[in-house]
Amino acid sequence: MNPAYATVDHVFNVPLDHCAPGGPDIEVFAREVVDPARAGERLPWLLYLQGGPGGKSPRPSAGSPGWLPQALKTHRVLLLDQRGTGRSTQVTARSAARFASPAQLAAHLCHFRADAVVADAELIRRQLCGDQPWETLGQSYGGFITLTYLSQAPEGLRACYVTGGLPGLTATADDVYARTYPRVRDRVLDFYARYPDDAPRLRKIADLLAATEVRLPNGDRLTTRRLRTLGLALGMGDGFERIHWLLDESLDPAGELSDTFLHQVMALTGFTDNPLFAVMQETLYGQGAGSSGWAASRALADLPEFAEDADPLLLTGEMIYPWMFRDITGLRPFVDAADLLADRADWPPLYDPRRLAANQVPLSAIVYHDDMYVDAALSLRTAREVGGTRVWITNEWEHDGVTASGGRVLARLMDLAADRA
């Protein structure tokens, strides 16, 4: 039987700092995927830009990810493990602990934003495609990278597709979290409306954690604030069910937290595989307009409905808080460097509004009306500010619609960019 996909692994040496190419190099890994029946054909390239930050590209299997079979009808796909992730030279707790000082680690981490990913992509494109431009599919944070790509190297792009990831071009971290917390609150209340028994169950677990010291299998203490970060999953199409079934097995017959529950909470909230998600989260909004100063944490302090003793207990979303770097084993080596990044005020801009306004590269984007992670109003404002943009607004899917739709989202975005819809 023929394999579902033909794949070729690529490893590229790239400068850690593209502005100082004589310095140290790192490796960037990418997997080429093609329909075996078309492996010998000269097909256009589609570069996949994963969400995150800190997420590696999906590993292909039969029919997965859901958009891949659609893409392979017409394209040769490159699944990029962005620098610091997957099989690229990784940023991990272990590698972070090797740095001599927090300042050195923070300086290293500054080279893992979208501008560096774009520079990597351009180096890779020239090796694989020569002077030919390619197309990109940017999911979530991958859409943020897309707008940086259009700002810095539009000559490398033939067309761009963005799914749930048009960023506010001038939005600060404070702007983002002022909009995000109300959406998270509404999503949690919708979750409780679907599963009414889960609200008192979560409250019971939180009360137990406040009264008793509970340890996760790796020794970390499970606190209410760590418990609440499970809400990160609620923005995905299956998020309600994932949390519900986790809570369904949370208590054993003696009324204590089950080993199954503790193990799953440790895995879901530990950042072992993707510490960059936590470390770089607020740097996404750094544009030389002041430091983030732990914006999500400051905003939370002014929201009494999110208090830990409030009833119902509100979960949090993809916000990152300074306590995480002290409480979570996988993040502790980053603690002081994370503070330095939060204090940095001179981040280089990621977007060029003038260049984007004059953009002529076809850009089609889906905006999920009820997206918990990316504000739809900011996305629509950006769509108006970027030339060559066609946007599709829907509430049919959540943030993972490009995969959950089985290729329908990607197919329509390709039609939009080609002026076929």
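User: What volume does the second largest cavity have?
Analyst: This is a predicted model, in which local features need pLDDT of at least 70 and side-chain atom pairs count only at pLDDT 80 or more, while totals for chains, interfaces and linings use all residues. Residues are numbered from 1 along each chain as its sequence is written, and side-chain values use heavy atoms, with hydrogens and water left out. A cavity is a set of points on a 1 Å grid over the protein atoms alone where a 1.4 Å probe fits but cannot get out; points are joined across faces, edges and corners, and the volume is the space filled by probe spheres set on them. For the second largest cavity, that volume is about 80 Å³.

User: Which element gives the most to the lining of the second largest cavity?
Analyst: Lining residues have an atom within 4 Å of a point, and here they include W294, I320, F325, A338, L341 and A342. Two elements give two or more residues each, α11 (275-280) and α14 (335-343); helices (H or I, at least four residues) are DSSP runs numbered from the N terminus. With three residues, the one that gives the most is α14.

User: How does the lining of the second largest cavity split by class?
Analyst: Ala, Val, Leu, Ile, Met, Phe, Trp, Tyr, Cys and Pro count as nonpolar, Asp, Glu, Lys and Arg as charged, and the others, Gly among them, as polar. By that scheme the lining of the second largest cavity has eight nonpolar, three polar and one charged residues.

User: How much space lies in the largest cavity?
Analyst: The search of the whole structure finds four cavities of 30 Å³ or more. The largest cavity has 18 lining residues, with F144, G168, V176, Y285 and L378 closest to its centre. Its lining divides into 11 nonpolar, four polar and three charged residues, and α6 supplies the largest share, four residues. The space in the largest cavity is about 140 Å³.

User: Which residues of α14 make the contact with α3?
Analyst: The axes of α3 (residues 102-109) and α14 come within 8 Å and cross at roughly 60°, so the two helices are oblique to each other. Contact means heavy atoms within 4.5 Å. On the α3 side, P102, A103, L105, A106 and L109 take part, and on the α14 side the residues are D336, A337, L340 and L341.

Terms used
1 Å grid on protein atoms, 1.4 Å probe; cavity = no way out; pocket = protein on both sides within 12 Å on 5 of 7 lines; lining within 4 Å. Axes fitted to C-alpha atoms, helices over the stretch in contact; angles between N-to-C directions. Parallel < 35°, antiparallel > 145°, perpendicular 65-115°, else oblique.
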